[in-house]
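Let's sit down with this one and learn how to read a few of its features.

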Amino acid sequence: MAIEDIGLVGINVRMWRHLAVLYPTPGSSWRKFAFVLPVTAMNLMQFVYLLRMWGDLPAFILNMFFFSAIFNALMRTWLVIIKRGQFEEFLDQLSTLFHSILDSTDEWGRGILRRAEQEARNLAILNLSASFLDIVGALVSPLFREERAHPFGVALPGVSMTSSPIYEVIYLAQLPTPLLLSMMYMPFVSLFAGLAIFGKAMLQLLVHRLAQIGGAEQPEEERLQRLASCVAYHTQVMRYVWQLNTLVANIVAVEAIIFGSIICSLLFCLNIITSPTQVISIVMYILTMLYVLFTYYNRANEICIENNRVAEAVYNVPWYEAGTRFRKTLLIFLMQTQHPLEIRVGNVYPMTLAMFQSLLNASYSYFTMLRGVTGK
């Protein structure tokens, strides 16, 4: 079974392989540049446009959101391209762990795996569909404005972007953006979620295996073998989560800053604009940011919760009916499970729902401060 056939990551890896972001071949390497460089050029033109909009605060904030969102999508994609070897190595490890469960005789474990695959696949489809429709909404919104405007404000020095035929050419050039940006923005979110879902599934399987360690009716040697197998498997899970954290820690830290700033700015913009169309658009953009953040932090939080359940399962093993060697091994294992198993923002703060709430509180605090300073 190829990595694309694993439902946890299949949709995202299949897109990235087609675009040569992952697993490029000599004949397909050019695709990643054809995919990324036009969006990079548009992002630079957005920055020039921002400089022109400095005096118009609502327009500046709205276009800052588009600039930041596209910059974030580019940052994610460039990260995968630059760290391609590490991502491919990690996906190979995922494939090995996945097949070790799939090829086992544990029907309960295979059931957990099938449910995890279905959950990750549904999430990837939902993310791509929502992102596509969101960007289509941004694409058609200029048609309802009185003045000429591009879906994503762009500018070039010395060029009037609203005069014909330049306006029409730029507008047509932005028509593929729903497809391009959806394929650039959401696969990273869905991939992260799929990898976290698999980490959760492995911890659930470990809890199930610990529950199979019985009392006095099981031979001592069999209990020791089962416990040793659980210890080895927990070590594999720890290595898996640690490597996932190494891949994403810095990018989620930067995104926490970007998303927090965007939410704060959009709340302020919502406070000063009067156009119903813009109000609807801003509410939709805020909900998009909240959804992406929640997807990250909720999936990472589930790993922390399942790790706590592993510690409880170790504690509930009937050690009092076993020999001294078993008890010592179990005690060492219990101490090992006390270490937090988590993904950390910038290797500093754990990605939990409590952290998600703190981030939202900080964004709202900065918004109220900004509103108080400006008197809006």
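**Reading burial and packing**

Q: Is Asn 12 buried or exposed, and why?

A: Buried means under 20% relative accessible area, exposed over 50%, and partly exposed in between (1.4 Å probe, protein chains only). Asn 12 has 2% relative accessibility, so it counts as buried. Keep in mind that this is a predicted model, where local features need pLDDT of at least 70, side-chain atom pairs count only at pLDDT 80 or more, and totals for chains, interfaces and linings use all residues. Residues are numbered from 1 along each chain as its sequence is written, and side-chain values use heavy atoms, with hydrogens and water left out.

Q: Where is Asn 12, and which residues is Asn 12 in contact with?

A: Contact means heavy atoms within 4.5 Å. Asn 12 sits in helix α1 (helices are DSSP runs of H or I, at least four residues, numbered from the N terminus). Setting aside neighbours within four places in sequence, Asn 12 contacts Ala 124, Pro 187, Ser 190 and Leu 191.

Q: At what angle do α1 and α5 pack?

A: Axes are lines fitted to C-alpha atoms over the stretch in contact, and angles run from 0 to 180 degrees between N-to-C directions. Helix α1 (residues 10–18) and helix α5 (residues 107–140) pack at about 55 degrees, with axes 8 Å apart. Angles under 35 degrees count as roughly parallel, over 145 as roughly antiparallel, 65 to 115 as roughly perpendicular and the rest as oblique, so α1 is oblique to α5.

Q: Which residues meet there?

A: From α1 come Ile 11, Asn 12 and Met 15, and from α5 Arg 121, Ala 124, Ile 125 and Leu 128.

Definitions and conventions: Helices (H or I, at least four residues) and strands (E, at least two) are DSSP runs, numbered from the N terminus.
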